[in-house]
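Could you walk me through this model in a viewer, one selection at a time? I would like to know what to pick next and what is there.

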Amino acid sequence: MVQFHATTIVAVRRGPDDICIGGDGQVTMGETSIMKNGAKKVKKIYKNTVITGFAGSVADAFSLTEKFENKLDEHGGNLKRAAVALAQLWRMDKAMRNLEALMIVADRDDLLVLSGTGEVIEPDDNFVAIGSGGNYAYAAAKALYNNTELSAEEIVRKSLEIAASICVYTNDHISIEKL
């Protein structure tokens, strides 16, 4: 079976009014072929009050994003409650257990990672990164967050650029969403 590697997503919060998430655009097929350069893996959902980014299987991530938005509707936009409800569904539903994706979700109050094992993780810091180049982007975001006064968007962009310069599964076709 051909495996698709995708992607690098990084999110940064610099207070309630400076929240940003970004991702690169590369989708890699197998170990050697770039299938797409300009995929958009970040978006605003739920009346433009929540931003999401996903890494992993694109089809699985779209399915999860749709299910997550449904959970936001069910829980009146409460991000944590919707995330826990999605995690429970993810663990219990036979078809969903096979979905291979990670998501970062953020609103003005919370920043969360939803994992393929149905976990809801609240990062210790005001930044997080996932995906193939996630460790590189995370290290860059940590250095920039702790040692500069850059905005969330500037940190996200620079972190993704650094990851793209190191990780073969990350490119510099960057998409950004802000709250």
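This is a predicted model: local features need pLDDT of at least 70, side-chain atom pairs count only at pLDDT 80 or more; totals for chains, interfaces and linings use all residues.

Now widen the selection to S2 and S3, which run antiparallel and are joined by 5 bridges. Follow the chain through their hairpin, where 5 residues lie between the strands and glycine 15 takes a positive phi near 105 degrees.

Go back to alanine 11 and look to its other partner, valine 128 in S11. Valine 10 also has an opposite number in S11, alanine 129. S2 (residues 8-13) and S11 run antiparallel too, with 5 bridges between them.

Next, show the whole sheet. It is open, has 4 strands in the order S11-S2-S3-S12, and its pairing is antiparallel. The edge strands, S11 (127-131) and S12 (175-178), each pair on one side only. Neighbouring strands are turned by 10 degrees against each other on average, direction ignored.

Helix H4 (residues 152-166) lies across S2, S3 (19-23) and S12, running at about 155 degrees to S2.

Are the residues of S2 mostly buried or exposed? Here 6 of 6 are buried: Thr8, Val10 and Val12 on one side, Ile9, Ala11 and Arg13 on the other.

How values were computed:
Residues are numbered from 1 along each chain as its sequence is written. Side-chain values use heavy atoms; hydrogens and water are left out. Two strands pair if DSSP finds at least two bridges between them. Helices (H or I, at least four residues) and strands (E, at least two) are DSSP runs, numbered from the N terminus. Axes are lines fitted to C-alpha atoms, for helices over the stretch in contact, and angles run from 0 to 180 degrees between N-to-C directions. Contact means heavy atoms within 4.5 Å. Buried means under 20% relative accessible area, exposed over 50%, partly exposed in between (1.4 Å probe, protein chains only).
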